[in-house]
Amino acid sequence: MKKLILFIPLVLFLVMGIFLYRGLYLNPQQLDSALEGKPVPEFRLSKLEDAKVMISNHDLKGQVYIMNVWATWCPSCKYEHPYLLQLAQQKLVPIYGINYRDQRGMAVQELTRQGDPYSLNIFDPDGKLGLDLGVYGAPESFIVDHNGIIRFRYAGPIDMRVWNETIYPLVKQLQQEAATAQQGNATEGTAS
Amino acid sequence: MKALLRILTSAVLAFGLAYQVSATPVDTYQFKNEANQVHAMQLARSLRCPQCQNQDIVDSASPVAKDLRMEVYKMVDAGKSDSEIIEFMTSRYGEFVLYKPRLETKTYILWLGPVALLLFGALVAFIFIRKQRGHADKPAELSAEDQQQLAELLKQHK
């Protein structure tokens with residue numbers, strides 16, 4: 001018994017050691033989003049290509065989609081762009097762009113030159129929507145389910161690995177959820 | 001000696017000035033009154049910049065930090081309470097923005113861990129000391145064999 005007590009410091013040391021060792025491999029840049037599980041914040045902003053067209057979050061509801069925060073001043077967005085174009089061609093899920101703290105002319109020019117992967121582009125020149133989304137850099141991507149709830153936030157550029165390992169499995173799962181919910185609604189409708 | 005002192009004083013002054021300069025961000029925000037300004041600055045200093053991570057939002061030059069401190073200034077001027085402002089920040093950027101984490105189930109170990117360790121140490125020390133003292137109090141007991149050995153040794157050294 002007495003011998004066992006002598007081992008307590010060693011055990012404490014090991015537990016702390018494991019804790020700190022694991023901490024070494026955490027990415028401090030990867031913050032949890034406070035918005036996961038919450039609805040997309042209310043906004044009313046103009047369309048990037050046309051200042052007269054206003055877009056609010058009610059225009060986005062009803063399906064699983066990805067919101068991608070990007071800007072022309074952001075080098076990682078340029079790196080991500082070709083892959084987003086590929087994804088857009090596959091038509092797996094709509095991608096909405098949020099043009100963040102940018103200049104309208106420059107952003108439109110960039111899209112005409114490099115191609116436009118976005119189903120719709122929302123212009124957020126002073127970062128108001130970005131602030132409500134808790135964006136602290138670009139690019140950041142939010143996966144939203146069919147109820148308009150943010151389910152996942154990914155900070156950093158999307159590439160093939162991130163897409164295949166992290167984002168697409170979740171998108172597929174959410175799309176399945178949406179499909180079953182719709183089926184449920186349909187059977188309910190016929191029953192009543 | 002005097003020269004050395006002069007160099008030292010000027011160095012201290014220079015560092016002091018540099019610190020003051022770096023700690024004053026160039027913001028064009030007009031507060032309603034000075035009390036609001038002092039209070040808003042104090043509050044903003046307790047919030048961490050989510051992008052740069054090792055600076056508060058007053059010190060940081062990143063655009064997000066600027067947005068956040070402007071938001072704090074505006075909310076203070078609008079008469080919002082501290083808890084409302086902190087709620088605004090944490091609902092967007094999470095607990096991470098607080099330099100001083102809140103006391104809740106998740107952070108108990110953070111707040112109470114050091115106290116628990118201190119108490120544990122004190123307990124160990126207490127038991128250890130009591131044991132030592134217990135030994136000292138007891139008169140030394142020698143067996144008959146020991147007694148005999150002792151007597152022999154004493155005889156030899158006479």
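Biologist: How many residue pairs are in polar contact across the interface of chain B and chain A, and how do you know that they qualify?

Modeller: There are 4 such residue pairs, both residues being at pLDDT 80 or more. Each qualifies because a polar contact is a pair of N or O atoms within 3.5 Å; within protein, one must be able to donate a hydrogen and the other to accept it, and residues adjacent in sequence count only if both atoms are side-chain atoms. On the chain B side, helix H3 (63-77), helix H4 (82-93) and helix H5 (108-137) each supply at least two of the residues that touch chain A; helices are DSSP runs (H or I, at least four residues), numbered from the N terminus.

Biologist: On what basis are these values given?

Modeller: The model is predicted: local features need pLDDT of at least 70, and side-chain atom pairs count only at pLDDT 80 or more, whereas totals for chains, interfaces and linings use all residues. Residues are numbered from 1 along each chain as its sequence is written, chains are lettered from A in the order in which they are written, and side-chain values use heavy atoms, without hydrogens and water.

Biologist: Why is the pairing of B:Arg92 and A:Asp132 called a salt bridge?

Modeller: Their side chains meet at 2.7 Å, N to O. The term requires a side-chain nitrogen of Lys or Arg within 4 Å of a carboxyl oxygen of Asp or Glu, so the pair qualifies. The count between chain B and chain A is 2 salt bridges.

Biologist: How many residues does the contact take from each chain?

Modeller: Chain B gives 17 residues and chain A gives 21, contact meaning heavy atoms within 4.5 Å.
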